[in-house]
Amino acid sequence: MRQIPVDTSTAMLMVAQPPQIKMKDKKNGVMAMDVESGEKLMTVDVLFVSDGSAEVVTVAVPEPGISGELVMGTPVALTGLIARPWENEFNGQKRHGISFRAVAVTSLKSKG
């Protein structure tokens, strides 16, 4: 599947919802794991403000890539952000969208 790099250099990014464990199967309590590293995956909802419009995007990040205090409203940097189009069929319904993945989400809030 194609991966599209996302340029965040002109955007303002802040935490909309703090990190949570990404679930592969909520019903059975199965956590999602990074295929390459085997690390637990987390999701962070990020407010992405660019060109006068704002949108909340959910970004998947391996747990070691979460750094700093990421509470609602915290300005953040996203390292290695990519967009990945997806499509599937569930109960005869075709669904599609874009998922976002980053290597790291880092708080830009100054300490002190």
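Modeller: Let's start with Val-105. Leaving out residues up to four places away in sequence, Val-105 touches Val-44, Val-61, Gly-65, Ile-66, Ser-67, Leu-70, Val-76, Ala-77 and Leu-78. Keep in mind that this is a predicted model.

Colleague: What makes those residues count as touching Val-105?

Modeller: Contact requires heavy atoms within 4.5 Å. Val-44 and Leu-78 are among the residues that touch Val-105, so each has a heavy atom within 4.5 Å of one in Val-105.

Colleague: Which residues touch the most other members of the largest nonpolar core?

Modeller: That core has 15 residues, and those touching the most other members are Leu-13, Val-46, Val-59, Val-76, Leu-78, Leu-81 and Val-105. At least two core residues come from each of β2 (12–21), β5 (41–50), β6 (53–62) and β8 (76–79).

Colleague: Why is Thr-74 called buried?

Modeller: Buried means under 20% relative accessible area. Thr-74 has 2%, so Thr-74 is buried. Its place is in the loop between β7 and β8. Beyond its neighbours within four places in sequence, Thr-74 is in contact with Leu-13, Met-14, Val-15, Glu-69, Ser-107 and Lys-109.

Colleague: And why is Met-72 called exposed?

Modeller: Exposed means over 50%. Met-72 has a relative accessible area of 58%, and therefore counts as exposed. Met-72 also lies in the loop between β7 (66–67) and β8. Not counting residues up to four places away in sequence, Met-72 touches Val-15, Ala-16 and Gln-17. The C-alpha atoms of Met-72 and Pro-18 are separated by 6.2 Å, although the two residues are 54 apart along the chain.

Colleague: How do you know that Asp-51 is exposed?

Modeller: Asp-51 has a relative accessible area of 81%, and the cut-off is over 50%, so Asp-51 is exposed. Asp-51 sits in the loop between β5 and β6. Its phi is near 50°, a positive value in a residue other than glycine.

Colleague: What makes Asn-91 count as exposed?

Modeller: Asn-91 has 69% relative accessibility, and because exposed means over 50%, Asn-91 belongs there. Asn-91 is in the turn of the hairpin formed by β9 and β10, which has two residues between the strands. Asn-91 has a positive phi of about 50° although it is not a glycine.

Colleague: Why do we say that β6 and β10 pair?

Modeller: Pairing needs at least two bridges. β6 and β10 (residues 93–101) have two, in the parallel sense, so they pair. In β10, Phe-100 is the bridge partner of Val-59. Strand β9 (residues 82–90) runs antiparallel to β10, joined by nine bridges, and Ala-83 stands opposite Phe-100.

Notes. Residues numbered from 1 in each chain as written. Predicted model: local features only at pLDDT ≥ 70, side-chain atom pairs only at ≥ 80, totals over all residues. Heavy atoms only, no water. Core = buried A, V, L, I, M, F, W, Y, C linked by side-chain atoms within 4.5 Å. Buried < 20%, exposed > 50% of the residue type's maximum accessible area, 1.4 Å probe, protein only. Helix = DSSP H or I, 4+ residues; strand = E, 2+ residues; numbered from the N terminus.
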